[in-house]
Amino acid sequence: MVSRNPKQLTLFEMDYAVPSKIYNVASVPQRSIFRYPGGKTWFVPYLRKWFSTFPARPTTLIEPFAGGGIIGLTAAFENLVDRVVLIERDPQIAAVWNTVLSADALWLAAKIVNFDLNAGQVETALTAVPASTRELAFQTILRNRVNRGGILAAGAGRIKNGENGKGLASRWYPQTLAKRIHDIASLQDRIQFIEGDGLSIIRQYSDAADAVFFIDPPYTAGGKRAGSRLYTYSEVDHPMLFCAADALSGHFLMTYDDADDVRAFAQSHQFEARTIPMKNTHHAEMTELVISRHLNWLA
Ligand SMILES: C[S@@+](CC[C@H](N)C(=O)[O-])C[C@H]1O[C@@H](n2cnc3c(N)ncnc32)[C@H](O)[C@@H]1O
């Protein structure tokens with residue numbers, strides 16, 4: 001690897017060299033129903049590039065820590081694979097995926113379109129005990145849209161002034177959400193959702209050479225605690241996750257916070273790691289770490 005570089009950077013410098021371009025996220029189709037903390041819309045252009053490097057078209061994309069699932073959805077919509085498997089442990093998020101991928105999708109879309117959003121209705125809807133999966137799905141989407149940063153974990157506050165002073169309603173786009181639900185529901189036969197532990201599912205698919213894995217766990221490795229504030233389920237056994245990735249027959253790609261422990265895990269498995277520039281939801285420029293067996297296509 002070093003011999004290919006004219007400047008003879010050290011291995012350490014090369015591994016973490018930053019590609020200069022920041023893709024414009026506004027040009028990426030927004031397909032998820034969620035506005036998701038840690039969402040990977042910014043990764044979509046890299047996903048396409050990654051897929052263009054495979055000698056044969058993978059049959060399946062597995063997203064073991066799905067959250068808003070933008071990567072799995074993009075793979076399904078852009079026909080990059082025949083089948084997408086999304087896994088998520090949080091029951092609130094699971095309720096949304098289970099509903100959107102069932103006959104109740106139409107009910108959910110209609111419920112959103114007919115909801116009269118004001119402070120009183122929001123509090124009534126969010127304090128009710130949901131009597132069914134589809135009601136929990138509606139409650140989750142509403143909470144995701146009226147909470148600051150889209151955070152669903154306990155302790156998250158509500159949006160106050162919002163965009164253009166529109167307050168609580170500033171992220172509530174009922175027609176857009178209904179359309180996205182209809183669009184996702186139209187791909188029901190190609191998207192499977194599993195409510196469960198992403199790590200166990202990765203292990204189940206270890207021998208599937210025609211599956212690829214997009215692994216985006218909550219960031220709680222390396223002493224960084226951001227994940228614990230953003231997600232209800234934020235504890236993941238990161239060393240075990242790296243071992244499970246190492247055992248995969250298929251290609252995989254992981255995204256992580258750029259933390260020393262994470263770099264050390266990657267190095268101990270002889271994976272490559274690079275930082276990628278992105279803009280966060282506040283349009284601040286940041287970098288995230290991408291890890292895989294080979295990342296020369298990122299240069
Ligand atoms: C960084 S977020 C994923 C964001 C996603 N890539 C997106 O673009 O929206 C990590 C997700 O993993 C979920 N999670 C945490 N532990 C899990 C586990 N053991 N199995 C599956 N999902 C888990 C969290 O609830 C959270 O939604």
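Visitor: In which sense do strand β1 and strand β2 pair, and over how many bridges?

Guide: Happy to start there. Strands here are DSSP runs of E of at least two residues, helices are runs of H or I of at least four, and both are numbered from the N terminus. Two strands pair if DSSP finds at least two bridges between them. For β1 (residues 60-63) and β2 (residues 83-88), the sense is parallel, over four bridges.

Visitor: What kind of model is this, and how are its residues numbered?

Guide: This is a predicted model, in which local features need pLDDT of at least 70 and side-chain atom pairs count only at pLDDT 80 or more, while totals for chains, interfaces and linings use all residues. Residues are numbered from 1 along each chain as its sequence is written.

Visitor: Which residue in β2 stands opposite isoleucine 62?

Guide: Strands of a sheet pair through backbone hydrogen bonds, either parallel or antiparallel. The residue in β2 opposite isoleucine 62 is valine 85.

Visitor: Which strands are the edge strands of the sheet?

Guide: The open sheet has seven strands with mixed pairing, in the order β3-β2-β1-β4-β5-β7-β6. An edge strand pairs on one side only, and here those strands are β3 (191-195) and β6 (272-279).

Visitor: Which elements do the buried residues of α11 pack against?

Guide: A residue is buried if 20 or more other C-beta atoms, placed from the backbone, lie within 10 Å of its own, partly exposed below that, and exposed at 12 or fewer. In α11 (residues 238-246), the buried ones are His238, Leu241, Phe242, Ala244 and Ala245. Seen down the helix axis, they fall within an arc of 160 degrees, taken from the directions from the axis to the C-beta atoms, so they line one face of α11. With contact meaning C-beta atoms within 7 Å, their packing partners are α9, β4 (211-215), β5 (252-256) and α12 (260-268).

Visitor: Is serine 27 buried or exposed?

Guide: Serine 27 lies in the loop between α1 (11-15) and α2 (44-52). Because 8 other C-beta atoms lie within 10 Å, serine 27 is exposed.

Note on methods
Contact = placed C-beta atoms within 7 Å.
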